[in-house]
Amino acid sequence: MNVRDSEHIIAELSSKENYALTQDVQEADLILINTCSVRERPVHKLFSEIGTFNKIKKEGAKIGVCGCTASHLGDEIFKKAPSVNFVLGARNVSKISQAVKNEKFIDTDINYDESTYAFGEYRNSIYKAYINISIGCDKQCTYCIVPHTRGEEISIPPELIVQEAKKAALTGAREIFLLGQNVNNYGRRFSQKRDQKIDFADLLNMISEIPQVERIRFTSPHPLHMDDKFLETFANNPKVCKSMHMPLQSGSTHILEQMKRGYSKEWFLDRAMKLRGMIPDVSISTDIIVGFPGESDEDFEDTMDVLEKVKFDQVFSFKYSARPLTKAAEFTNQVDSQIASDRLTRLQKRQDEILDAIADEKLNKEYEVYFDELRNNSMVAGRSDNNSLICVKGSEELLGQLLKVKVTNPKRAVLYGEIVG
Ligand code: SAH
Ligand code: SF4
């Protein structure tokens, strides 16, 4: 989502303000830091980065802080780092033109509605397009700062999404990546009243009707909203890539209640098994937090149990980080930091073993790969339909092509192979 916000900012600045991109900080007239505030560490990093940029930037160059930490800290950023010229919240990126022109500009209003705003066009990759389908988040997960930084959830009108997808497809993007904090809750609230009801499954079907679109991905869906209609559309629509992110957070029903996730361990397992039953080659990824307040050894064993049962293809695991404005930060049963670190190490070690076993099974398998990235050593990379990263020897002419690859050397994080058709 931050990558997409950065694309919007670049689009606005290049089409309206005559800026061009550079990766050379010393050449830049404007340095933008697009921030995350989900965990504490990136927030500390922000201030050390501002210090570094301030020392090396050219005379008169501006520094702007955008994104969730901008929303969360607001003008405290000016106090802590006087070299910052403007602060622009995660929901306010369309104000970037005003921000660059006005000294000490600040806008962090989370009620500002950008859901009908058509941004200028800019994509990091010509081969795939990120498209926001909603902004904000209506959930109140007790550990999470996002609803406080991105505001309430509003779905972007489907006509606007389809129009963006068509434009992207006609300019080379065969893959469309739909973004939202809670994508399968799509259609719950629009900024203006609509007569017709629409949900996420309907939206997937609408986008799949664009002839030039060959692949559709999305993140993040919420396990609570994985009803049968959604899972069946996911399984049966051939353009929807067979890789599902199912953010578990915890395997303990008790902790899930404390987190206010709205589902139980049993519901999660039922949904994951239904998916595996419908689509044998589906890949399932997840997010897990360890050390949430009150997490006992037994609760953690429940998480390990889900790890064993689902055999996730990718796990993003985090040690719980108490965030300001969240309910869980007030809980009095915080877990000892060393215990949480030990649990994280154990979980990651076990997951690595699971991934090694999954990788071994992929030897000699064939996958359709959409090549979109040049790598060092004459390698080209792309993703299989079920989201494995696959690398082959080759050069530019492979980019933008969908080709069959046989896996010859499977590793945990990347499968090496050769083109067979
Ligand atoms: N909307 C997405 C999550 C966005 S935040 C969802 O519901 O899945 C991305 C991930 O960061 C979360 O899934 C969670 O695993 C992690 N996270 C959020 N708040 C956290 C916190 N306070 N401490 C540690 N990890 C956190
Ligand atoms: Fe945060 Fe929960 Fe919303 Fe995800 S669904 S962004 S974890 S509040």
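Contact here means heavy atoms within 4.5 Å. Keep that cut-off in mind for the first stop in this predicted model.

**Stop 1: helix α9.** Select residues 228-236. Color the buried ones: Phe 230, Leu 231, Thr 233, Phe 234 and Ala 235. What do the buried residues of α9 pack against? They meet α8 (200-208), β9, β10 (243-245) and α11.

Stop 2: Step back to Ser 220, in the loop between β9 (215-219) and α9. Show the backbone. The peptide bond joining Thr 219 and Ser 220 is cis, with omega about -5 degrees.

**Stop 3: ligand 1.** Select the 15 residues that surround ligand 1. The closest are Tyr 143, Gln 181, Gln 249, Asp 287 and Ser 321. By class, the shell holds six nonpolar, four polar and five charged residues. Domain 2 (123-241) and domain 3 (243-361) each give the shell at least three residues. The strands β11 (283-290) and β12 (314-319) each supply at least two.

Now draw some distances:

- Ser 321: a backbone N or O atom is 2.7 Å from a nitrogen atom of ligand 1.
- Arg 39: a side-chain N or O atom is 3.1 Å from an oxygen atom of ligand 1.
- Arg 261: a polar side-chain atom is 3.4 Å from an oxygen atom of ligand 1.

Ligand 1 alone exposes 540 Å², and the protein buries 90% of that.

**Stop 4: two positive phi values.** Go to Lys 260, in the loop between α10 (253-259) and α11 (265-278). Lys 260 is not a glycine, yet its phi is about 60 degrees. Finish at Asn 387, in the loop between β14 (379-384) and β15 (389-393). Phi of Asn 387 is near 80 degrees. Asn 387 counts as partly exposed because its relative accessibility is 25%.

How values were computed:
Residues numbered from 1 in each chain as written. Chains lettered and ligands numbered in written order. Predicted model: local features only at pLDDT ≥ 70, side-chain atom pairs only at ≥ 80, totals over all residues. Heavy atoms only, no water. Helix = DSSP H or I, 4+ residues; strand = E, 2+ residues; numbered from the N terminus. Buried < 20%, exposed > 50% of the residue type's maximum accessible area, 1.4 Å probe, protein only. Near = heavy atom within 4 Å. Polar contact = N/O pair within 3.5 Å; in protein donor to acceptor, adjacent residues only side chain to side chain. Areas by Shrake-Rupley, 256 points an atom, 1.4 Å probe, with all protein chains shown as cover. Nonpolar A, V, L, I, M, F, W, Y, C, P; charged D, E, K, R; others polar. Domains from an automatic or database assignment.
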